Amino acid sequence: MRASSKIARPTVSIAAFALVASACAGVGGGGAEEGELVWALGGSEAQPGGVHQDVAALWSEQNPDTPITIDVLPESADEQRQQQSLELNAEGAGFDVLGLDVIWTGEYSDNGWLESLEDIRGEIEDVSLDAAFESAQWGGELWAAPYNSNAGFLYYRTDLVDEPPTTWEELKEIGLQVGEEEGIAPFVAQGAQYEGLVVNYLEYFWGAGGDLLSEDESEVLFAEGDAAMTALEFMVESNQDGFFAPGFNTMMEEEARNEFQSGNAVFMRNWPYVYDLANNEEESAVAGDFDIAPLPTFTGEGTTSALGGYNNAVSAFSENTEAAKEFVLWAATDPEVHRMMAEAALPPTLEATYDELADDPVMSLLGEVLPESRPRPPAPNYNSISVEMQQNIFPAYNGDQDPQAAIDAIRDYLEGTLDN
Amino acid sequence: MATDTNTGSTLSTSPAGGDGQKAKRKQMSDRRLAKVFMAPSMLTMAIVALFPVIYAAILSLYLYSGREQIGFGGLQNFETALTNPRFWSAIWFTFFFTITSVAGEFLIGLGFALLMNQAFVGRGVTRAVILVPWVIPTVIAAQMWFFMFNVTPGFVNSVFMAIGFDGFENFNWLGQASTAPWAVVFADVWKTAPFVALLLLAGLQTIPGEVYESGRVDGANAFQRFWNITLPLLKPAILVALLFRTVDALRVFDLPQVMTQGAFGTESVSILVQRFIIQTPDPGLGSALSTLTFIIVLSVGLIFVSLLGKDLVIGSEEG
C-alpha cells in the first residue's frame, strides 16, 4: 500500500498523457473527406460484387462531386447494430448514410442519431410500398427512406403436394401425412431462440387475426381475443405431434434451407433468397421440384408476413447532410436502382418495379405478399420486446412453460414499456 | 553495483552512520530502485486492468434508459440484478458448468499427463496430437460441436446408432434442458483437457526419478507410488491448473453463446452481461452484472490463493 502511494504522482501524470495522446489519435482518424459519402451497410450484397456496391458505383458515376463508398459491416444484424451504435454513440462523423434494419428506426431516432427526412417525405411516400414506408417512421415522423424489403414465403414440394394449403391446420394435416409416407419431416422454419422465432410467431399470430398494438401505438392489444393463444398452442401441439421437424428448436434460416434442399422436408417457411439456391441443380436435391406460395393463415383468408429489409437513414453527425439526403432519396426512388436489386433477388421497395417484373416468379409473389406484410413495431426498445417474447415463447412451445403464463408475461411487458 | 551506491547517496537524506547502517541504507535504496523499475508495469496494469473494473463499478451506480443516462441510482441496479430470476439461473448454470467441466478436465488431463510422462514409442506424436483441440479457437470448436450435437447433420447421433443404441436417430441434444448443459460441458472438456494435461505434465517432469527409485526400493507398488509420491509432489502444479481453469470457467461466454445462444438453461453470467450491454442496452444494469461477476471471480480466486498460497510458494521454491 505504501508503494502505491509513492508511485501515485507519476501514475497520474503518465495516465493523463496517455489519455491525451489517445484522444488526439481519435480526432485525427475517422470522418469522411469533404464531398465523399460513407454508407454503413452490412450483409452479403454489401460485399464487393454485391448489388449494393453496384448501386454505390452508379451514384458515384452520376455524382462525381459526392461519390459514395460502402463501409462493409458484419453479416448479422445484431453485429451491424453494434458497429453503428459504437460510432453514433461517440457522435462520430464516420458514417453519413446508415443502412437501417426496419426494426431500428425507433431506437435510433430516440437516441438522436438520425436526421429527420420530413422535408422529402412527399417524394418518397407516393412511390414506396406502404409497409416499408411505415417501417421507416417513428412517432409520426419520417426518419429513413425505404430501400429494400423482405417477406416470408411458404416453400412446398410440388412432387409431393398438389396445391399449397391456405390454412395452417390444413398444412399441418398434409405435412404430417406426406411426411409419414415419405419418411421425411413435415415442416421446417426458424425455431431457435432468436429474432427469427419472434418473426415466425408473429406470422402465426397475425394469421390468427391478432394485433400487437392499437393503431396509434397507445394501447396493447396483444392478449385481446384469442390470437396469441391460438398461435402459441399451434406451436406447442406442432412440437409435440411431430409437425415441427426434429431439431426445430435449434433451427435458423440456413439450417431450415439445408434440410429443405436436401429433400428432408415437405414444407418450409423461409425468405425469398432461398428460391435461387434451392433451384441450383448442383447443390440442391429438390431443384425444379418445389414452388413458392403465400404463407397460410388460420382462417384461410389472405396471407400475412413479417416485413424485413433495410431502409437508408442520414446520420445526425454527418458533415455532409445535404448530399447524404440526396443519396437516400435517389436510392429510394430511382427505377434503375430497384431493377438492379430485383435482379439480385433482393426485394425492392419501389412499387412500380413489381408491375415491371411480373413475369419473375419470386417478384410476382412478392408483389402479392408484400402489400399484406406487416412491420414489427419499430419501437425504441424493440430489442427488449423481442428478447422478452423469445424468452417466453421459446420455453412455452417446448413444453417447459405454461402457454397462458407466457402470454400474460408478454402482455405485461408490452404494457410496462408503453407506460414508460 | 556502482549505480546502486550512487542512487543510494542521492536519494538518501540521512547522515552516514556506521557500517551496519550503511548496509541498511543501501538495502533501502535497492528497494526504492525496485519500485522505480516496477512503476511502468504497475502503471500499465492500472490502466489496462484496474481502470475498466473501477469504471464499470461507477457506471453501475447510474440509471439508464436505453443508452442515455437518466440519473444516479445508488445500488438500484444491483437490486434489479439480484432480484431477477434470470440472474440466479445464470449463476446456477455458471457454477454447474465450472464444477463439472473443471472436474472432467482435471481427471482426463491428469490421465493424459501421466500417459505422456511415460517413455513409449510415439510419445512425441502423442503429445502433439493431444494438443490439437486446445489450439483450435474456441468459437470454431463451439460451432463444430454445435454441428456434431445438432439433429442435422447429427454426427453424435450417428455414432450412438452405429454402436447399437436405437432411438437416437433424432435425439435433440441441444434442444432440451436435460442434455443441453451437458453438451456444452462436454465440448469444454474436449477443448481444455489438453491444456490441463500440459500444465500437469510440466509438473510431473520436475519430480526427480530418484524419489520413485527409493519408493520402489521400499517396496511401494504402482498405486502407492502414485498416491504417496506423485500426487503430493504434483500438488503445486495441480493447484495452478485448477486455479486457471476455475477462473476461466466462471467467465465462460463463447461456448454456450455459439452452441445454444443461452437457451435451455445455458445462459452464463457473462452472456447475461453481454445481453444488457449490447443486445438490450442498459449499461447501468450491465455494469452492475459485470461488477458482480468480477466480485464472484475475484473471491473464488482469492479463496484458491489463500487456501493454497502456502503450497504455491513452497512449490515455487522447490521448483
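This is a predicted model: local features need pLDDT of at least 70, side-chain atom pairs count only at pLDDT 80 or more; totals for chains, interfaces and linings use all residues.

Let's start with strand 1 of chain A, which covers residues 37-42. Is this strand enclosed or open to the outside? Six of its six residues are buried, so strand 1 of chain A is largely enclosed by the rest of the structure. The cover extends to both faces: Leu37(A), Trp39(A) and Leu41(A) are buried on one side, and Val38(A), Ala40(A) and Gly42(A) are buried on the other.

Now for the partners. Strand 1 of chain A runs parallel to strand 2 of chain A, residues 68-73, and six bridges join the two. Within this pairing, Ala40(A) stands opposite Asp71(A) of strand 2. Helix 3 of chain A, residues 51-62, belongs to the picture too: together with strand 1 and strand 2 of chain A, it makes a right-handed β-α-β unit. Strand 1 of chain A also pairs in the parallel sense with strand 3 of chain A, residues 97-101, here over two bridges. Ala40(A) turns up again in this pairing, with Leu98(A) as its bridge partner in strand 3.

A second sheet of chain A is worth a look. Four strands form this open sheet in the order 8-9-7-10, with mixed pairing. Its edge strands, each pairing on one side only, are strand 8 (185-188) and strand 10 (290-293) of chain A. On average, neighbouring strands of the sheet are turned by 15° against each other, direction ignored. Strand 7 of chain A, residues 153-157, pairs with strand 10 of chain A in the antiparallel sense over four bridges, and Arg157(A) stands opposite Phe290(A) of strand 10. Helix 16 of chain A, residues 361-369, lies across strand 7 and strand 10, running at about 25° to strand 10 of chain A.

Finally, a loop residue: Phe317(A) sits between strand 11 (308-314) and helix 13 (321-333) of chain A. Its relative accessibility is 19%, so Phe317(A) counts as buried, the cut-off being under 20%. Leaving aside neighbours within four places in sequence, Phe317(A) is in contact with Leu88(A), Glu91(A), Gly92(A), Ala93(A), Gly112(A) and Trp113(A). By contrast, 33 Å separates the C-alpha atoms of Phe317(A) and Glu415(A), which lie 98 residues apart along the chain.

Conventions
Residues are numbered from 1 along each chain as its sequence is written. Chains are lettered from A and ligands numbered from 1 in the order in which they are written. Side-chain values use heavy atoms; hydrogens and water are left out. Buried means under 20% relative accessible area, exposed over 50%, partly exposed in between (1.4 Å probe, protein chains only). Two strands pair if DSSP finds at least two bridges between them. A crossover is right-handed if, with the strands pointing away from the viewer, the path from the first strand over the helix to the second runs clockwise. Contact means heavy atoms within 4.5 Å. Axes are lines fitted to C-alpha atoms, for helices over the stretch in contact, and angles run from 0 to 180 degrees between N-to-C directions.
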